[in-house]
Amino acid sequence: MSGAGPAPKGESSQALDRGIRLLELLAATSGSAGLTITELAAALGVGRPVVYRLVTTLEQHRLVARAADGRVRLALGISRLASAVTPVVRAEARPVLRELADAVGATAHLTIAEGDEALALVVVEPSWTDVHVAYRSGARHGLDQGAAGRAILAGRAGRSGPVSTDGELQAGAHGLALALAVAGGAGGAQGASDAGPCVEASVGVVSLEPLDARVVGPRLERAAAALRAVIR
């Protein structure tokens, strides 16, 4: 009996791997410029016909879209998938941040990179202090402002260790943050695993009192270790 059967397992896995890598490439592109078919082919190390097939399949699932100029961008289907995952991440991250906030007596936060901005995904205020910094989930600011964003940039550049700022986002506030992953797997406890790319994020605290990195740093490292498992 003739007729096309299912694709060999290895071939199917390779196509899936390429599709995921393509989405990761688009997610890592600054802003919404997108990438051309040629750029995607070069980055993936495959021919343009392969990329055309991948893009066509991903378009059918509304995960990517091609603009009038031919550039490929992430589509709204990605947001739908992300919105389903976010509540799970928030629920699992909250106890970690609660422990950190109460231990330090400062507002704790998990922040992720979205394009050129830092997004406060989860924020937990300390339960026992009379006065603390008010900080809301969903707040955004540039990656080059505040300890949370600067820590993400430090991790991207392969630098480990806590990053501190004073009064950058709010007068009188002191921030200390640590990247959850460091480019190239550098940085010991902050290093990325060999499992592949992960979300660019940081964990930090913000306080009305100066923060001693020697005291708070180890607590950030413990929180970072727990949060890495949550966001991968």
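Which helices each supply at least two residues of the lining of the second largest pocket? Hi everyone, let's start there, and please keep in mind that this is a predicted model. The helices are helix 1, residues 9-27, and helix 3, residues 48-60. Helix 1 gives the most, with eight residues. The pocket holds about 320 Å³ of space. Its lining counts 14 residues, and those closest to the centre are Ala15, Leu16, Gly19, Leu54 and Thr57. By type, the lining has eight nonpolar, three polar and three charged residues.

Now stay with helix 3 for a moment. It packs with helix 2, residues 37-44, at an angle of about 105°, and the axes are 9 Å apart. That makes the two helices roughly perpendicular. On the helix 2 side, the contact uses Ile37, Thr38, Leu40, Ala41 and Leu44, while helix 3 brings Arg48, Val51, Tyr52, Leu54 and Val55. Those contact residues split into eight nonpolar, one polar and one charged.

Six strands form an open, antiparallel sheet in the order 5-4-3-8-7-6. Strand 5 (140-142) and strand 6 (163-166) are at the edges with a single partner each, so one side of each has no neighbour in the sheet. Further in, strand 3 (107-114) and strand 8 (201-207) pair over six bridges, and Thr111 sits opposite Ser202 of strand 8.

Two helices pack on this sheet. Helix 4 (76-104) touches strands 3, 4 and 8, with its direction at about 70° to that of strand 4. Helix 5 (146-156) touches strands 3, 4, 5, 6, 7 and 8, and its direction makes about 30° with that of strand 7. Thanks, everyone!

Notes. Residues are numbered from 1 along each chain as its sequence is written. This is a predicted model: local features need pLDDT of at least 70, side-chain atom pairs count only at pLDDT 80 or more; totals for chains, interfaces and linings use all residues. Side-chain values use heavy atoms; hydrogens and water are left out. On a 1 Å grid over the protein atoms alone, a cavity is a set of points where a 1.4 Å probe fits but cannot get out, and a pocket is an open set with protein on both sides within 12 Å along at least five of seven lines; lining residues have an atom within 4 Å of a point. Grid points are joined across faces, edges and corners, and a volume is the space filled by probe spheres set on the points. Helices (H or I, at least four residues) and strands (E, at least two) are DSSP runs, numbered from the N terminus. Ala, Val, Leu, Ile, Met, Phe, Trp, Tyr, Cys and Pro count as nonpolar, Asp, Glu, Lys and Arg as charged, and the others, Gly among them, as polar. Axes are lines fitted to C-alpha atoms, for helices over the stretch in contact, and angles run from 0 to 180 degrees between N-to-C directions. Angles under 35 degrees count as roughly parallel, over 145 as roughly antiparallel, 65 to 115 as roughly perpendicular and the rest as oblique. Contact means heavy atoms within 4.5 Å. Two strands pair if DSSP finds at least two bridges between them.
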